[in-house]
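Please keep the sequence and the three-dimensional view at hand while reading.

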Amino acid sequence: MAKQEAAAKSADRQAGEAGSQHYDVLIVGAGISGIGGAYYLRQECPDTDFVILESEESFGGTWWTHRFPGIRSDSDLHTFGYGFKPWVGPPIATAEEILAYMGDVIEENDLAQYIRYGHKILKADWSHEDSLWTVEAVSAETGNTVRFTCNFLWMCQGYYRHREGYTPDWQGMDDFKGVIAHAENWPEDLDYAGKNVLVIGSGATAATVIPAMAQTAAHVTMLQRSPTYFRPGRNAIDITETLRELQVDEETIHDITRRKIMYDQSAFTKMCFENPDVVKKELLDQVRTLLGPDYDVDKHFTPSYLPWRQRIAFVPDGDLFEGINAGKASVVTDHIDRFTEKGILLQSGEELEADIIVAATGFNMNIMGDIAFSIDGKPLDFHDTVTYRGMMFTGVPNLAWVFGYFRASWTLRSELIAAFVCRLLNHMKETGAKSMVPALREQDKDMPLLDWMDEDNFNPNYLKRAMAILPRRGDKRDWQHTQDYWREKNEFPEIDLEDEMFVYRWGARSNVAAE
C-alpha cells in the first residue's frame, strides 16, 4: 500500500502544470527552522510529500552564510537546539559545532533526500481556483527558472537578508584608504593579523568579533554610538554538569536543562519589566566586577533604554572584557562625523586611525524572503494583513511563517509552529479541506490594528526600520506575535482548529467556514 501511495504521488508530481513539480508541502529554507519542520513532517505527517528549497549550496542558514571571526550562538544550544535531539556540547557553540549538530539531524532522519540546494525563489502565487501555490525559483546550477506547485507553503527562511548587512550612509567612506568589511558579508581573504581594527557597533556581533580578532590583531577598538547591555557568564550550565556527574542519560539531562533554562529566562524577563532598575544594576555590577572600579562603565556600558527592550548579549567567559583588561581591545563611545583617509573622525573631534574598519551594524529584515507574493495574480502586501499569532496572515491561505522569539531561543517557537502546522495539515486531510485562511471574527473586526511590535516592549533598530512592511497586529493575543514562550507552549497545542477564525474551503471557491 505504501509503495502504491508513493507511486501515485510521483505520478501526481509529474502531472502538474507543464514544467512544474507538485508537492503537498514546500518548505522554504534549510536552516534551523526548515530542517526542524522537515523532521516534524516525517514524524507527524508521514504520508505527506514535501520538498525543501534552499538558495544556498548547503544547509545551516545563518551558520552557513556568516563567516566572520569567532561566529557563535548568542542563545544557549540546549534551547536553540531541537527538543528531540540532545545537545551535549557547551551551551554557547561555534557555527562549526552547530552545523555538525544539524548535519547529524539530517543524516539520522534521512532528510537530505528532500533538500534542493541552489534554488532561489522569486515568486509565489496562490490560486483560489486550484487551491494551490505556484512557486518560481531560479536554479543556481543551470540558471533556468524552475516551477513548483504545492498545497501548503511553509516559510522557514528567517527574517533578514543573509548576505546584505545594514550599513548607514556615512560620509566620506570612499576616502578611507584601508579595508571596509561588513560582518554580514565577510571577505574570506581578510588578513587582520598585526593590524589596527576598528569595529563599529556594540551588539552581539561586535561582542563576538572583537575578542576573536583581538587574539592576533595589533589592537581592536569598539566604536559605539550608544552602549548595549551585556550579560557575562561561564560557558557552562551548572545543573547540566551536576546531572552528568550523576551519570544521568543525555535525553533526561537535555529535558531538565531546557526546562531550567526556560524557567530562568521567563523569570528574568518578568523581572526586567517589573523591576527594571534592579536588573539594570545587577547587569552593570557584573561588568564593573570584570573591568574594575576605575573603568568608566557609566559611559561605555550603561544603555539609555531599560533591560530587554533590545537583545541582551551574552558574553561567554567574559572574553570581551578579558580583551579590554589585557589592553588588546578598547571601547570608544561617540558619534561618527565622517570617514577620513586614515580612519574615522568623531563628532568630538578625535580621529580614530585604523587599517581595517568592520561594520557590525546589524542587518536588513526581509519579509517572506523578499519573494514577490500574489493572490490570484494580484500583488500581496503583507502590511495589509493581520497576523494570526505571528505565523499566519488574514487573506493568505495555506501559508505559515516561522518567526521566533527575541527574548528566548528562536527554535523554541519554530518547534511550536512546526507542531501546529502538522496538526493543521492532518486536520485538513481528515476533513478533506483544500485550504484554510485565518479571518477576523466578528468581535475582532473593530479592534485597533497596530504595528507588528510595540516599541515600548521591544525596539531594536532593524525592527523599527521594517515596521512599514511587516504585517499588522491586533490588541488580542490571537492576533499578535507574543514573546511569552512560557504561555505559548501550553496555548499552541490547545488551539481549536475548528474555531470560527479558521475559514476552510473544501473545493474551488466553495467558501465554507469551519463549524
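## Basis of the report

The model is predicted, so local features need pLDDT of at least 70 and side-chain atom pairs count only at pLDDT 80 or more, while totals for chains, interfaces and linings use all residues. Residues are numbered from 1 along each chain as its sequence is written, and side-chain values use heavy atoms, with hydrogens and water left out.

## The second largest pocket

A pocket is found on a 1 Å grid over the protein atoms alone, as an open set of points where a 1.4 Å probe fits, with protein on both sides within 12 Å along at least five of seven lines; lining residues have an atom within 4 Å of a point. The volume is the space filled by probe spheres set on the points.

The second largest pocket holds about 790 Å³ of space. Its lining has 27 residues, of which R231, I237, I261, Q265 and F314 are the closest to the centre. At least two lining residues come from each of β11 (230–233), α7 (238–245) and α8 (250–274), and α8 gives the most, with six. Helices (H or I, at least four residues) and strands (E, at least two) are DSSP runs, numbered from the N terminus. By class, the lining has twelve nonpolar, six polar and nine charged residues.

## Helices α2 and α12

Two packed helices are described by the angle between their axes and the distance between the axes. For α2 (residues 32–44) and α12 (residues 410–431), the angle is about 35 degrees and the axes are 9 Å apart. Contact means heavy atoms within 4.5 Å. On the α2 side, the contact includes I32, Y40 and L41, and on the α12 side it includes W410, A418 and L425. The contact has eight nonpolar, five polar and two charged residues.

## A covered helix

How many of the eleven residues of α6 are buried? Buried means under 20% relative accessible area, with a 1.4 Å probe and protein chains only. Helix α6 (residues 204–214) has nine buried residues, among them V209, I210 and M213. The elements that cover these buried residues include β9 (196–200), β10 (219–224) and α11 (319–325).

## Residue N398

N398 lies in the loop between β22 (392–393) and β23 (399–401). N398 counts as buried because its relative accessibility is 2%. Leaving out residues up to four places away in sequence, N398 touches several residues, including W126, W133, F152 and M428.

Notes:
Ala, Val, Leu, Ile, Met, Phe, Trp, Tyr, Cys and Pro count as nonpolar, Asp, Glu, Lys and Arg as charged, and the others, Gly among them, as polar. Axes are lines fitted to C-alpha atoms, for helices over the stretch in contact, and angles run from 0 to 180 degrees between N-to-C directions. Buried means under 20% relative accessible area, exposed over 50%, partly exposed in between (1.4 Å probe, protein chains only).
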